[in-house]
Amino acid sequence: MSAKKREEDVPPLFDTKAAKGRAAHRLLCLTIVVGIVLIWVYRLGHIPGAERPGRYAWVGVFVSEVLFGLYWVITQAGRWLVVYRYPFRNRLSSTRYKDKLPGVDVFVCTADPTLEPPMLVINTVLSVMSYNYPPEKLGVYLSDDGCSELTFYALLEASNFSKYWIPFCKKYDVEPRAPEVYFAQSSPPHESDFGQEWSRIKTMYEDMKRRIESAGAKGCVPQEIKNQHKGFLEWNSRITKQDHQSIVQILIDGWNPQATDIDRNRLPTLVYLSREKRPGWTHNFKAGSMNSLIRVSSEISNAPIILNLDCDMYSNDPGAIQDALCFFLDEKQGQQISYVQYPQRYRNVTKNDIYANVSCATFQIELAGLDGFGGALYIGTGCFHRRESLLGKVYSKDHRLELNSVEDNVKGRTVEELEAASKPLADCRYEDGTLWGKEMGLVYGYPVEDIVTGLTIQCRGWKPVYYNPSKNAFLGVGSTTLDIALIQFKRWSEGMFQIFFSKYCPFIYGHGKIRFGAQMGYCIYLLWALVSLPTLCYAVVPALCLLHDVPLFPKVSSWWFIPFAYVFTAKTAYSLVEDLTCGDTLRGWWNMQRMWLFRRTTSYFFAFIDTISKHLGLSETSFALTAKVVDDEVRKRYEKEIIEFGSSSIVHLMIGTLALLNLFSCGYGVKNVVLSGPEALAVFAPQVIVSGLIVMVNYPVYEAFFIRRDKGSMPSSVMFKSVAIASVACLVPIY
């Protein structure tokens, strides 16, 4: 039997299916496009004369509608080929694959022990150490960009606790395997053996947690503990977060026969890394951390598959590795796959997702649409990579996954020798004059380096995969305050807008290398900042024109009103049905509309301003970490789905001013329509509707201004400033 015939007889490890209802979706899109074009035709044919008020307002609204229309076309084009992936995990247990499973290195990144508490970090580490995967083929690396002695101590404690936790998880098949989450969700079982074991492990965990948090409260690790491990010798009084040498400590040597759990089973390799930082040397944030991890791990384990996770994103499925390997090991399609991206999900999302953390349609449809064009995004966490593709290798058809022997890489070398050989790879000077950050590893120079990295990998001929399993593979911590939510989107949208204006613009860098649909799909996100301008225009101009009795839309009785009504109704209905189909609630969908308004008028707008300023040489991009913990009062309000304002930031001032401006406008418009009769209703009803919808979306803002008295309400200073600015805006003449 020929080799080709044998390959054809091998059952596939995954299946790909196109989404249902694509014909109906395309027909709906076509009718909406026709409506959009008719709106443009109306605007061009009815521009007010120079002598009439509102000419410039009319042009501004027209430009906004053009941008809205083009952006909507881009978003729908990215959904033209929605596909879903289905791995066959059970087939990996066959003899063909069982003994050939590749090594897997897991990278966990943390940067600040205050914003990202050590207990949060080690829960993620313990969850991936407990994977249902051969431990001798599993390596776990923690990159600590904060160079925190406390984080190292927490990892040392976790390495000891893992000897009890891992066998407990596998013996009783417990899930999830992050102990903090598991014990919070489960109750002591009644069965005698399991119940006793459950209580014993929980007590051990609580004792470990108390020791770590006690050291954190004191601000130092007790000396008697430091004397127990050589790793603490790396820290001295001269070390700071921004000025320290490379630190590599192998806490568990997975190839040492003595490195076993209490049941004498092998433990996975566990490594602590804090790359060198020195004043005057750019450290490139998370991208620099990832590149150091790639190099250091290549010296210690060099597994061909890499999983990278944020420190707050624990593994929720102990079999997730097997699902990812189904894509890499498939005989026919697997050799070209560069990475398998899982969606970013959160364990603390409320029923109606008050801050729209989940974005159901985005994760279930939008990203699956990009996958259909071969352009699945790399989003920086929850992603399995082929090491070779990260190292800059160009795909070739005769390529085969190199299932290197991890054991050969460390055979005959002591832990001390491996640590000594690894440290220089994490030094500042190592990358100087090399291709790291350019053609090797993650790309430098952008706050969202993961997006650029994914694009460059695809342009080398590799194909990514987006996999959205029914059971969440990873769960993180979503935003619990409005400030945190908007800061994150400001950072992301600014970084992506910078990419659009760089050499990595998909229409330039990806031309001829990736499909046009994938280029369009990338721009759904790269143009977030730009879409802030038409949104702001629509939130301000119709309201001001209504206050000055300047009409902006056709009369309700006119045939030209039909395209406006149809486009709005069809897009809204489609959005609602899509979201509900993806499992969201009606209120959750409404919360999403509010958050889109907040993001576009604040986060995206400031990202647009900062990007333009940077290109003019007026400012530099900065990276802002967001806290992973909040106090009890904030958490209780979040659980009750009460929006957290609380601060006097310019973001809240912007939100409050726009809300009050439209409240004034809507009130005036309703009064005008009621007092002036049917003619005024026919002329100004569309503007009243626009302002009225903005008022409805902003109800929590008015509540925070005038009703609430808790610490999460709008500060009085913000209310007074918003009232003053909105009042002055009402007096601005319309041209």
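**Helix packing, annotated sites and local geometry**

E206 and K202 lie four residues apart in helix 8 (residues 192–218), which means that about one helical turn separates them. The structure is a predicted model, in which local features need pLDDT of at least 70 and side-chain atom pairs count only at pLDDT 80 or more, whereas totals for chains, interfaces and linings use all residues. Residues are numbered from 1 along each chain as its sequence is written, and side-chain values use heavy atoms, with hydrogens and water left out. Helices (H or I, at least four residues) and strands (E, at least two) are DSSP runs numbered from the N terminus.

The side chains of E206 and K202 form a salt bridge, with an N to O distance of 3.7 Å. A salt bridge is here a side-chain nitrogen of Lys or Arg within 4 Å of a carboxyl oxygen of Asp or Glu. Side chains of opposite charge can pair when their charged atoms come close. Across the whole structure, 37 salt bridges are found.

Helix 8 also packs against helix 6: their axes come within 10 Å and cross at roughly 170 degrees. Axes are lines fitted to C-alpha atoms, for helices over the stretch in contact, and angles run from 0 to 180 degrees between N-to-C directions. Helix 6 and helix 8 are therefore roughly antiparallel to each other. In this classification, angles under 35 degrees count as roughly parallel, over 145 as roughly antiparallel, 65 to 115 as roughly perpendicular and the rest as oblique. The residues of the contact of helix 6 with helix 8 comprise 17 nonpolar, one polar and five charged. Ala, Val, Leu, Ile, Met, Phe, Trp, Tyr, Cys and Pro count as nonpolar, Asp, Glu, Lys and Arg as charged, and the others, Gly among them, as polar.

Helix 5 passes helix 6 in a right-handed crossing; a crossing is left-handed if the near helix is turned anticlockwise from the far one by less than a right angle, and right-handed if clockwise. On the helix 5 side, the contact is made by P118, I122, V125, L126 and M129, and on the helix 6 side by residues including L150, A154, F161 and W165. Contact means heavy atoms within 4.5 Å. The contact of helix 5 with helix 6 has 12 nonpolar, two polar and no charged residues.

C147, in the loop between strand 4 (138–144) and helix 6, has a positive phi of about 45 degrees although it is not a glycine. A cis peptide bond with omega of about -10 degrees joins E175 and P176, and P176 is in the loop between helix 6 and helix 7 (179–185).

In the unreviewed UniProt entry, the feature "binding site" is placed at K286 and D310. These two span 25 residues in sequence, yet no two of their C-alpha atoms are more than 9.9 Å apart, so they gather at one spot. UniProt positions are given in the numbering used here, feature names are shortened, and annotations may be inferred rather than shown by experiment. K286 is in helix 10 (residues 285–300), and D310 is in strand 7 (residues 305–310). Not counting residues up to four places away in sequence, K286 touches N308, D310, G380 and E449. With its neighbours within four places likewise set aside, D310 contacts V108, C109, T124, K286, Q344, G380 and T381. The unreviewed UniProt entry also places the feature "binding site" at E116 and D145. That pair spans 30 residues in sequence, but no two of their C-alpha atoms are more than 11.3 Å apart, so they gather at one spot. E116 is in the loop between strand 3 (104–110) and helix 5.

Residues 556–577 are 77% helix and 0% strand, with end C-alpha atoms 26 Å apart. Residues 684–706 are 96% helix and 0% strand, and their end C-alpha atoms lie 28 Å apart.

The axes of helix 20 (residues 532–547) and helix 22 (residues 586–615) come within 8 Å and cross at roughly 130 degrees, which makes helix 20 oblique to helix 22. The crossing of helix 20 with helix 22 is left-handed.
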